[in-house]
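Reader: Could you take a close look at one part of this protein with me? I'd like to go through it piece by piece.

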Amino acid sequence: MNRITRSLARPVGLAVAAIALLLGPSACSPAARVGVTNDFDHAVNFRAFKTWAWYPQQPRDAEGGPAKGYESFLDKRMRAAVAAEMTAKGLTEVTTAPDIYVAYSARVEDKQQVSPYYNGLGYPYGYGYGYYGRGYSPVTQYKAGTVVIDIIDARRKELAWRGTGQAQVDQNTIDEAETHRIVNGILSTYPPQNNNARR
């Protein structure tokens, strides 16, 4: 490679690397983001929990599948995803006398997002010509899948931990890949790791 080719290739390579760093992983997979929040009882010793079971009065899921009787597609996906995550954390599913019960709720809702950085002319951040359309904020419609996972202390019969995850989904239900993605995001924060969780 001669001196001119090297001098041309280097800035291009640096520019590509800079763009990749600026965009980050979201540029490759924007749908991979899951917004997760959680709350928990700070008096609970989560490390003492070794076994789990589904809450015996699991409410109906978003597709109407009851806890007993037939199972909807979403219910099967949720149970498989939660079971896989709990196993990965070293917790054993049992049928009697569990340390904790697990329950969930799931729904898909229509959402709107308004962009404040648009002048109505196709030029973001206030650039463009004239005053036509200035101040107009386009509204983006999308579907959001929300999953709530509760962990109940079986002995005390009290809520010990709650995690919530929300992500943009493609349909009116949460498909298998999206279910695993959201459940993984939620349970990645369990057990609590902050200084208030007992060790």
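Where does Pro191 lie? And what can you tell me about the part around there?

Author: Keep in mind that this is a predicted model. Pro191 sits in the segment after α3. The peptide bond joining Tyr190 to Pro191 is cis, with omega at about -5 degrees. That's worth a mention, since most peptide bonds are trans.

Helix α3 covers residues 176-187 and packs with helix α2, residues 73-88. Their axes are 9 Å apart and the angle is about 40 degrees. So α2 is oblique to α3, because angles under 35 degrees would count as roughly parallel and 65 to 115 as roughly perpendicular. As for handedness, α2 passes α3 in a right-handed crossing.

Who meets whom? On the α3 side you have Glu176, Thr179, His180, Val183, Asn184 and Leu187. From α2 come Leu74, Arg77, Met78, Ala80, Ala81, Val82, Glu85 and Met86. Sort the residues of this contact by class and you get 8 nonpolar, 3 polar and 3 charged.

Most residues other than glycine have a negative phi. You'll find Ala97 in the loop between β3 (92-93) and β4 (100-114).

Technical notes: Residues numbered from 1 in each chain as written. Predicted model: local features only at pLDDT ≥ 70, side-chain atom pairs only at ≥ 80, totals over all residues. Heavy atoms only, no water. Axes fitted to C-alpha atoms, helices over the stretch in contact; angles between N-to-C directions. Helix = DSSP H or I, 4+ residues; strand = E, 2+ residues; numbered from the N terminus. Parallel < 35°, antiparallel > 145°, perpendicular 65-115°, else oblique. Left-handed = near helix turned anticlockwise from the far one by under 90°. Contact = heavy atoms within 4.5 Å. Nonpolar A, V, L, I, M, F, W, Y, C, P; charged D, E, K, R; others polar.
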